[in-house]
Amino acid sequence: MDHSKTPTIQVTASGKVVVTNAKEILLLDGEGNPIVKRNRFTLCNCGKTKDIPFCDGAHKQ
Ligand code: FES
């Protein structure tokens, strides 16, 4: 099956949460306000990011 255009959330082997084809996904903050996003992004699941909810690489430090 071709998933090249399907909105997808993938948990990688290393535990990253990668979202692709995100144009149709509505990403909301805790108050229900839309969060501006790219078409592909990685969600932070370590709690160290300064760019919530996105991974900014801080997990590597
Ligand atoms: S997963 Fe949290 S900064 Fe990358």
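This is a predicted model: local features need pLDDT of at least 70, side-chain atom pairs count only at pLDDT 80 or more; totals for chains, interfaces and linings use all residues.
Biologist: How many helices and strands does the protein have?

Modeller: Helices (H or I, at least four residues) and strands (E, at least two) are DSSP runs, numbered from the N terminus. Here we get zero helices and three strands, so the elements read β-β-β from the N terminus on.

Biologist: Which order do the strands take in the sheet?

Modeller: Two strands pair if DSSP finds at least two bridges between them. In this case the sheet is open, its order is β1-β2-β3, and the pairing is antiparallel. β1 (8-11) and β3 (41-43) sit at the edges with a single partner strand each, so one side of each has no neighbour in the sheet. From one strand to the next, the twist averages 30 degrees (axes are lines fitted to C-alpha atoms, for helices over the stretch in contact, and angles run from 0 to 180 degrees between N-to-C directions).

Biologist: How many bridges hold each pair?

Modeller: β1 and β2 share four bridges, while β2 (residues 17-20) and β3 are joined by three. Take valine 17 in β2: valine 11 stands opposite valine 17, and valine 17 also stands opposite leucine 43 in β3.

Biologist: How much of the protein is buried?

Modeller: Count the other C-beta atoms, placed from the backbone, within 10 Å of a residue's own: 20 or more is buried, 12 or fewer is exposed, and in between is partly exposed. Buried residues are 3% of the 61 residues here. Histidine 59 has 16 other C-beta atoms within 10 Å, so histidine 59 counts as partly exposed.

Biologist: Where is histidine 59, and which residues is histidine 59 in contact with?

Modeller: Histidine 59 is in the segment after β3. Two residues are in contact if their C-beta atoms, placed from the backbone, lie within 7 Å. Leaving aside neighbours within four places in sequence, histidine 59 is in contact with Cys46 and Lys48. Histidine 59 and aspartate 29 are 30 residues apart in sequence, and 21 Å apart in space, C-alpha to C-alpha.

Terms used
Residues are numbered from 1 along each chain as its sequence is written.
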